Amino acid sequence: MGVKSSGPMWRRYVRFLGADPGADVDEELRFHLEERVDELVSRGMSPGAARAEAERRLGDMGALRRELEALNRRVERGRHRRESLAALIRDARFSLRQLRKEPVFALVSLATLALGIGASVAMFTVVNGVLLRPLPYPEPDRLVELLPGQNANMALADVVGASPSLEASTGLALWGLTLTGVGDAARITAQMVDAPFFEVFGVSPALGRPFRPKERDPDISDVVILSHGLWRDRFGADPSILGRRLELDGGGHTSREVVGVMPAGFEAPMSQSARVDAWIPLSRAPRTFANDSTWYVNSIVARMRPGTTPGAVAGEVGAAVAGLRAEYGSLISEETVRTAGAMSLLESIVGEVRATLWTLLAAVGLVLLLACANLANLLLARGERRRQELAVRGALGAGRGRLIREQLVDGVVLAVLGGGVGVLLARALLGALGVAEGSGLPRASSLELDLRVLGFALAVSLGSVLIFGLVPALRAAAEDPARGLRSGARSLGASAPARRTGFALIAVEVALAMILVTGAGLLLTSMQALRSVDPGLETDNVLAIELAPPAEYAGARVVSYYEQVVERTVALPGVRRAGAVHLLPFTDANWAFPYLAQGHPPPSDGPLPSANFRVVTPGYFATVGIPMLAGRDVASADRAGAHGVGLINRAMAESLWPGEDPIGREIRVFGNVPFEVVGVVGDVRQHALDRPPAPEMYVPHAQWPRVTFMTVMLETTGDPALLAGAARRAIAELDPAVPVVNARPLAEILGDSIADRRFFAGVLLFFGFLALVLGAVGVYGVMAGATASRLREYGIRMALGASSAAVLRRSLAAGLTPLVAGLAIGTVGALFGSRLLAGLLYGVDAGDVRTLTASAAVLGLIATAAVTIPAYRATRVDPATVLRAE
Amino acid sequence: MNTKRQFLQGTLDILVLKTLSWGAMHGYGIANWLEGRTEGVLTIEEGSLYPALHRLEARGLIEAEWRLTEKNRRAKYYSLTPAGRRELTAEAGAWSAFARAVSEVLNGEEAPAWA
């Protein structure tokens, strides 16, 4: 039995080194047995019988010991945890006291750390929210976008959606509807979907039912499912809304029955950042591919069967489109078959910005490195300051382990404080940069600092401090105390290795800053280039008012409506001219129609060429300053029934009839609706400034009166935003049933179209600015430290007759050498790094010499100042004072 | 069996706490004192006394310290912590109320309605 053969006497001393639960239990039980045996023997029992009786009373000794040991271990662990926590708190308090003793060090190092971490966390939040976060649908990895290789209609969506690897597939389209009869008339955005939509996205309505496959039939497709938000805001979350008919105009019906309400928080897929308020069925009479005119299906999304890859689906989609071409060769081109495919839904949403975001994250990594270099220098300098103190404590017996632990705790305290401030800073930054509203990034509206971001913040702060802060500190702690004491006694300044590390840091910081400043400079140049691109129309002093009359206005009524709107608004004080166009420039909205031009035979194989198509009213070109290059504008005489007319832009004129007069030629839209070219206007960059203008046709509204939605442009004498209210009122007076979708300056719309570029440029400019500040502070810090530690040496030199100029030269040379080296290294780094930016640049080369020179000049100037100021100070030293010190 | 043991364990805990309210004592002393005090009615299962002591220690109701006995032997002495004293007051009150209620029924003269 364990008690008899329990360990030797020395085991009880083991306890002094740390608790030994086994020994404690043995001793306690042995004491009990011995006492009991003594008692029984004193009552007359033989020792042998007494021991047997004592053990019998205690029961199963082995089980008892095991139980007690387990209990003791638990007690010990608890005590150990409490003690180490208390020790940690003690150490943390100590290092906080130390920080308070050096407020400048504390402030500068915390600010540096917080800036570096704040910028990184902000950037990572964007990367996480946009790229890493899974799509908000069940099993999002199984969602794919099917790419039919060309504009899709419902028939095409059905064909590619029938691929065998797919479980369910739906076409998607965005459609504007006008809601009346509930509060103010409102324009809402609906998503047109097929019945399997709900299966594809793994969602079912919170109230009511999903759409039925037969609701594709236009006779019964007058149903609608409301978004949770619309149901709550417009209908007060009325639970009895199912079955109610709403006056909801558009998409082939003037009213629709509510059959469902979506769950709160359901994010409409592929909504292009529009707020989707309702879902309606994609609907049309049974058609073949050839006569199906539902060309507005703008995406097709499917759920793959488990275990399928987008690559396999892509092959099937390609085969399906090839099969369609065999049947409808004149409608589907070779090109379409080649580009048909499929990609994961997440990839299709964020694929375009992926490379850019990773580039920006890499850039912020450089900022963080810069901050870390600063921190390393600060800690190094602090280590130098405390060298003597540490040496004294080491000599007095403080263990090396103890000193290193203190440094570790110092680092953790710095990391936690800096990381905490950094996270707050990141939040502020995300707000200030307007990422959610103005970045133009997909999925940016719901960025949040989730657990992954906080984990990143913690890892980055601990990593920065531990790697960059503790290496110098450990070196200081590992130093031979005797040397530290000796050098402290009559110090000629910081140790030579410390100074060398400092100057190496200057080179590193300057190089990092050079890369960032060059990147920022390139984007700045490219933004300027983009701003100086002529969009082809005058955006200053133009107010764009988007109107959405009900579909029943189509025809003569809508033509006269817009004539009256133009008449009324042009009469407003401050309005010079007015005219309307049916698609807002600088947005993704586009109509492109096939055409046949006079003298150009139709292609023998494949579809007709197509060109952008715009419906305008008289005066539009003059209002937005599109130059009339030849012929005339559309006129009020160009009415329905009159000879069909239209204008083309310069790009179309030059490609169709180079060197010839296009006036009087005939163009047939769709190959069968003719108009006579009566004028040529200047090119407009309709989609975005960085894309070249495309061929374009303009036709008079009066001859194409089926178009009801138009944007009325007002040329104003002053700030157009100020006129928005008056214009809205005038339009509402004319017909209150027509919702004003939007009224905002055209310049703002143009600005939005380059929002993502502006955002990227803004972010990189900010990083560049941070790099300049951090670099300047860092270089100044190293120089100030180096000169301060050599003041004594300078004092002696000057006392021995060196001129102050000689001292200045000496200390400048020490600082400028690494600076120049840093600039050189940075230039090489910038040449490589800028290649990553190539996709973001416009009108400037990644290796642009002017930008490189300018960056080097700015950085060099600032860094030189940071080097010179401390060096100059060194020459103002009074030798007597320095020599007396210590 | 299990419920009985739990019931007994709770009883043992409170008896130990009460014993220690007179002052610090080692496990052997506690066992002897309790046996004498209950006049043998409650035989203290020595095998469950030590787990009870250690559990009370783990809960912070008592604390242990190694001391020498009068006979100069090293023994682990247990004493009440302030938390243990509070626990004793609370549990003793509950126990008395429980005991009173049980004995009320057992000694009562009043018969139930169906008798």
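## Strands and pairing in chain B

Two strands count as paired if DSSP finds at least two bridges between them. Strands here are DSSP runs of type E with at least two residues, helices are runs of type H or I with at least four, and both are numbered from the N terminus. This is a predicted model, where local features need pLDDT of at least 70, side-chain atom pairs count only at pLDDT 80 or more, and totals for chains, interfaces and linings use all residues. Residues are numbered from 1 along each chain as its sequence is written, chains are lettered from A and ligands numbered from 1 in the order in which they are written, and side-chain values use heavy atoms, with hydrogens and water left out.

Now to chain B, which has an open sheet of three strands in the order S1-S3-S2, paired antiparallel. Strands S1 (25-26) and S2 (62-68) of chain B sit at the edges with a single partner strand each, so one side of each has no neighbour in the sheet. In general, strands of a sheet pair through backbone hydrogen bonds, either parallel or antiparallel.

## Zooming in on the bridges

S1(B) pairs with strand S3 (residues 74-80) of chain B over two bridges, in the antiparallel sense. Here you can find Met25(B) opposite Tyr78(B) of S3(B).

On to the other pair: S2(B) and S3(B) are antiparallel too, and seven bridges link them. Glu65(B), for instance, has Tyr77(B) in S3(B) as its bridge partner. S2(B) and S3(B) make a hairpin with five residues between them, and Asn72(B) in the turn has a positive phi of about 65°.

## A buried serine in chain A

Let's hop over to helix H4 (residues 61-101) of chain A, where Ser95(A) is found. Is Ser95(A) buried or exposed? Its relative accessible area is 2%, so Ser95(A) is buried (buried means under 20%, exposed over 50% and partly exposed in between, using a 1.4 Å probe and protein chains only).

Setting aside residues up to four places away in sequence, Ser95(A) touches Val409(A), Asp410(A) and Val413(A); touching, or contact, means heavy atoms within 4.5 Å. The side chains of Ser95(A) and Asp410(A) are also joined by a polar contact of 3.4 Å. That term stands for a pair of N or O atoms within 3.5 Å; within protein, one must be able to donate a hydrogen and the other to accept it, and residues adjacent in sequence count only if both atoms are side-chain atoms.

## Two partly exposed residues

Arg576(A) lies in strand S12 of chain A, and at 48% relative accessibility Arg576(A) is partly exposed. Beyond its neighbours within four places in sequence, Arg576(A) is in contact with Val570(A), Glu715(A), Thr716(A) and Thr717(A).

Ala589(A) is in the loop between strand S12 (575-581) and strand S13 (592-597) of chain A. Ala589(A) is partly exposed, with 34% relative accessibility. How far apart are Ala589(A) and His687(A) in space, C-alpha to C-alpha? They are 8.1 Å apart, although 98 residues separate them in sequence. Not counting residues up to four places away in sequence, Ala589(A) touches Leu583(A), Arg614(A) and His687(A).
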